[in-house]
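Hi,

Here is the structure I promised to hand over. My notes follow below it.

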Amino acid sequence: MKSELKAAVQARGLHLMDIHGIGPAGAARIIQARTLCTSPVHRTDRRVPRGWPGHVDRRAERGVGAAGRLGLRAHSHRVDRPFQARAAGRLMGRAAGDETKVAEMTDTTRRRFLQYGMAAGAALAVPAAAGHSSAAALIGGPLKKFREPLPVPGKGIVVASPSGTNRYSFTLHEISRKLHPDLPPTPIWAYDDGSGLAGQAGSFGMVIAGQSGTPIDASYTSHLPETYPDWIPVDTRLTPRGNEVRTMAHLHGGFVAADSDGNPAVTPDGFGHGQTQHVHYTNALPEMPASLRWFHDHGFGTTRLDVFAGLAGGYLLHDVHDTGTEPNPIGVPGGAYDIPLVIQDRQFRRDGKFLYPVSDIPGVVWIGEYFGDHMLVNGKVWPFLDVEPRMYRFRILNGCNARIMSLHFGGLPMWQIGAEGGLFDRPVRLRRLVLASAERADVLVDFRGLDGRTLYLRNSTPAAPVSTPAPPLPEVMQIRVGTHVTKPGPKSVPPSLPGRRAQLHHPVRTRYITLNEIAAQTAKWTLNLSGLDFEGRPVTETPKAGTVEDWVYINMTPDTHPMHVHLVTFQVVGRTPFNVSAYQAKYGGPNGVPGGIDPTPFVTGPMEPPTPDERGFKDTAKANPGYFLTIRAKFDLPAGVQAPQTYVHHCHIVEHEDNDMMRPFTVTP
Ligand SMILES: [Cu+2]
C-alpha cells in the first residue's frame, strides 16, 4: 500500500506537504483517498436519449449496448436510511452547538465534515468523540484576512469588450492569478473577451454589461486542455467522454432558445478543445429586466468542477429605469457605488492550486458537497472594501458550489430592492440574507454616520428550516468606512421601484417532483428528481408554451436544495410542512419516491408564505427538508422560437446536479 501511495503521489505530481494549511497526516489521508479512486467505474456513458434534441447514437462506435448501459445504470436497492434519523441528528447537533454537533452527527454528515476537515481543518475543531484523529493532526491555518482590495468592474473585474455590435467572442483558457499575497499564483480557467485578461485580478474576472431589450450574440471557443489537469478530479462515471474537457456556457437566468441555453439535454457532449459554442441571448422584456444574471459552465457531469476552476462571469443588464449610473433614475446608488459581490468558498493546496477533495469511497471520486475554508469575494481571498460614509448598492451572488449562507453586515439594515428576476415593486428591509447557491439579491446598505468604522460582511449558519452540512465560515469581507464623501448619492431608500412583485394566476396544472438521495455513502450514491436519473425517459415535465404551471418540489432528504429552473423566472408560492416518513413509507421505492404523487394528504401544517426576500421573480429557490416547495411559472418562449424546446431544471448544489439531481423539461406546442 505504501508504494502504491508513493506512486499515486508521483503520478499526480503531488507532494505530501503541498496542501495549504495541513500537515503530513492530513495530506496522506487525501492522497490515500485519491489512490483509492484511480480506477473509477464507468457508471454510464452519458448522452441524450433518442428522440431528444441533440441525440446522437454512438453505441456502435463505442461497442456499448443498451443492456450493458442499463446494467451499469442500475441503482442500488439499498434505500437511504430513514429521513428522521439523519435529520434529527443534524438538528440535535445544531441545537447543542458545534462541539456536540460533530459527536451527534450521523454517519453521512460526519463523513462530509471529515471530507472537508481532512483538507481544511483549520476552521473546524473535530473532537475525539467523532472517532477520527486526522483532523486534530492538522496544522497551520487559513490565510491572513483582509490583505487585498475587492476587485470591482473596471478595476480587477474586466467589463467585456464587444467584438462587434452587440457581439462578444470569448475564448476559454487557463490563466493564473495571485488570489492572496501569501499564496503562489493559482491556475484558473477564465473567459477571455479578447483583452488577454490583464485587467483580471482574481479568480472571478469577467462581467458582460448589456441593455434589456437589446439581444447579444456570443461565442465561446475552448482553448482549455484536452483532458483535465490533476487539480480537477473528474468522476468519469458521470461524464460523457471520460476525462476529456467538455465545457458549455450557460446563461443563468437567460430567456433564450434551447440551443442557446447551454444545457446538457440539448448538447450533452458540450464543446471540446478548439470547438466553438454559438449563442443568442434575447435580453427580452419583460423576462429580462435590469438585473444581475450570470453565465457559468454547465458541462455534463462536470459543472461543479468547471465552475470551481473559475468558469463563471457576471451578466449585468441595465434599462431605461435602472441605468446603473449615478444619479440613477430609480433613486438608488450607481456608478462606483453599485458593486457586485460574488461570494465563493475555496480550499487551497500549498502550491497555490485550488483543492477539490475526492471521495474516500472506493471507486468514487465525486463528493456530496464541496465546501471551502477560505472565502473569496470577486475572486480574492477575504478582501477588504474601502467605502465612503454614504449609501451603496450591492448585487450579491452566492457563487459557492454548495454553501448556503446567512449574510449580514453586523446588524446594519439592508434594503433588498430585487432578486434573480429583477427589481421588486418596493424595497424590503432585512437584517439577514439567506442565499443558497446561485441565489442573488440586490441590496442597499447605508454607511452614513459610520465614518472611520471598520465593519464586516459576515456569514452564519442559516436558521431552520434551512439545513446545510456546511462547516462554519463566518467571515466574508471587511468594509472600511472612510471619512470623506465624493458624491453624496441618494439620501433615502426609494419608497417604490419600477419592478415587479411576482404574482401569477391561473395555473393550468400542478406537477409533483420529488427530491431523493439514494444509497448515500456507498459507491452507488446518487441523488435524483422523481426517482429518475437525468437520462430516464420519458421527459416527465412538458408544460404547454404560454401556460402557467405550479411545480411542487417535495424534499425527501435532510438537506436544503436550491432548485433552479432554466428559461423561466418564477413566483415562490409557499412551503408546506408534511410528514416525510409517512409519504415515503406509502410511496417510496428503490429510487426514492416517484414523481407525480400529491403530498397534500400528508401535510402537517399550513403553507408558509414566501419570505420577504422572495417578493419578486426568482430563478432559484430553497426546497427545505420537511417541506414541499411550490413555485409558479409561465412557460413562455422567446419570440420566433417554436416549441418543442428542451431545457433542464436541477438542484444548484452543483455536486448534486452533476450526480443526477437534474431533469430535462420540454416546452411543448
Ligand atoms: Cu441538492
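Strands here are DSSP runs of E with at least two residues, helices are runs of H or I with at least four, and both are numbered from the N terminus. Two strands pair if DSSP finds at least two bridges between them.

The model is predicted: local features need pLDDT of at least 70, side-chain atom pairs count only at pLDDT 80 or more, and totals for chains, interfaces and linings use all residues. Residues are numbered from 1 along each chain as its sequence is written.

Start with strand E24, residues 509–518. It pairs with E26 (residues 548–555) in the parallel sense, over seven bridges. There, Arg511 of the chain has Trp551 in E26 as its bridge partner. E24 also pairs with E25 (residues 526–529), this time antiparallel, over four bridges. Glu517 stands opposite Leu527 in E25.

E24 is largely enclosed by the rest of the structure, because seven of its 10 residues are buried. Buried means 20 or more other C-beta atoms within 10 Å of the residue's own; exposed means 12 or fewer, partly exposed in between, with C-beta atoms placed from the backbone.

Chain totals next. There are 11 helices and 32 strands. Of the 669 residues, 55% are buried.

Best wishes
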